[in-house]
Amino acid sequence: MSQLNFTKNILIKCRKNNYKAIVFTVDAPRLGTRERDERSSFKMPDNLKLGNFIGTKFENFNNIENLEGSSMSIHSDHLFDPTLTFEIIEWIKEVSELPVLVKGILRPDDAQNALNHGADGIIISNHGGRQLDGGRSSFDQLDEILQEVGGEIEVILDGGIQRGTHVLKALAMGATAVSYTHLRAHETPEHRG
């Protein structure tokens, strides 16, 4: 099954299961260099399966020929299509019949391109700073992106949110919302400020 047909099946499944939107991550056509993983030839556990890929050669991280180096990097190199362009947004919307949010936007021109190709929202994100060493933070890009597309599209800030004041600053600058997904192991929701 081609990657496009596989993706089409997942999008149809999302629609049938009453998903509310599709978040299309665009900032990781390749995983960033994880030097420690490369040096140690890190392998995911063989019993770990990727649920959406059961029955395909991608269901297990280590199920690919010539596995040398980090299994996560090799897996993503085989699975992700680095040739995708903004035009795919229109196809995702057509197939899924759902709103599409484009995650991984860091440049104003990319925000405009996402808007021009039908995105219903963008998520400003640098993938937790794990993709490009020395890249700009999501918050640092917020103002420029809002100047480009603010008011025309939903703009969500992802990353760098550690406390309530960060949320307030992002919203005061014009972000529609923020995304906060990291909770330190020693914290409970009551400890977040």
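A residue is taken as buried when its relative accessible area is under 20%. By this criterion, strand β2 of the predicted model is mostly covered, since six of its six residues are buried.

Of its 193 residues, 35% count as buried. The accessible surface of the chain comes to about 11,800 Å², and carbon and sulfur atoms account for 51% of that surface. When contacts between residues at least 6 apart in sequence are considered, 58% of them join residues that are at least 24 apart.

In general, the strands of a sheet pair through backbone hydrogen bonds, in either a parallel or an antiparallel manner. Here the five strands form an open sheet with parallel pairing, in which the order is β1-β2-β3-β4-β5. The edges of this sheet are formed by β1 and by β5, which spans residues 177-179, and each of these strands pairs on one side only. From one strand to the next, the twist averages 25 degrees. The parallel pairing of β1 with β2 extends over four bridges, and I22 stands opposite V100 of β2. The pairing of β2 with β3 is likewise parallel and comprises four bridges, with K103 having I123 in β3 as its bridge partner.

Nonpolar side chains tend to be buried together in soluble globular proteins. In the present model, the largest nonpolar core has 28 residues, and the residues with the most contacts inside it are I122, L142, V149 and V155. Two or more residues are given to this core by each of the elements α1 (3-16), β1 (22-25), α4 (88-96), β2 (100-105), α5 (108-116), β3, α6 and β4 (154-158). For V155, contacts beyond its neighbours within four places in sequence are made with I122, I124, L142, L146, V149, A175, T176 and A177; this list includes I122, L142 and V149, which are themselves named among the residues with the most contacts inside the core.

S125 lies in the loop between β3 (121-124) and α6 (138-149), and it counts as buried because its relative accessibility is 1%, which is under the 20% limit. The side chain of S125 makes a polar contact of 3.0 Å with the side chain of D158.

Q141, by contrast, is placed in helix α6. With a relative accessible area of 5%, Q141 is buried. Once its neighbours within four places in sequence are left aside, Q141 is in contact with L106, R107, I124 and R136.

Note on methods. Residues are numbered from 1 along each chain as its sequence is written. This is a predicted model: local features need pLDDT of at least 70, side-chain atom pairs count only at pLDDT 80 or more; totals for chains, interfaces and linings use all residues. Side-chain values use heavy atoms; hydrogens and water are left out. Buried means under 20% relative accessible area, exposed over 50%, partly exposed in between (1.4 Å probe, protein chains only). A polar contact is a pair of N or O atoms within 3.5 Å; within protein, one must be able to donate a hydrogen and the other to accept it, and residues adjacent in sequence count only if both atoms are side-chain atoms. Contact means heavy atoms within 4.5 Å. A nonpolar core is a set of buried Ala, Val, Leu, Ile, Met, Phe, Trp, Tyr and Cys residues joined through side-chain atoms within 4.5 Å. Accessible areas come from the Shrake-Rupley method with a 1.4 Å probe; for residues, only the protein chains shown count as cover. Two strands pair if DSSP finds at least two bridges between them. Axes are lines fitted to C-alpha atoms, for helices over the stretch in contact, and angles run from 0 to 180 degrees between N-to-C directions.
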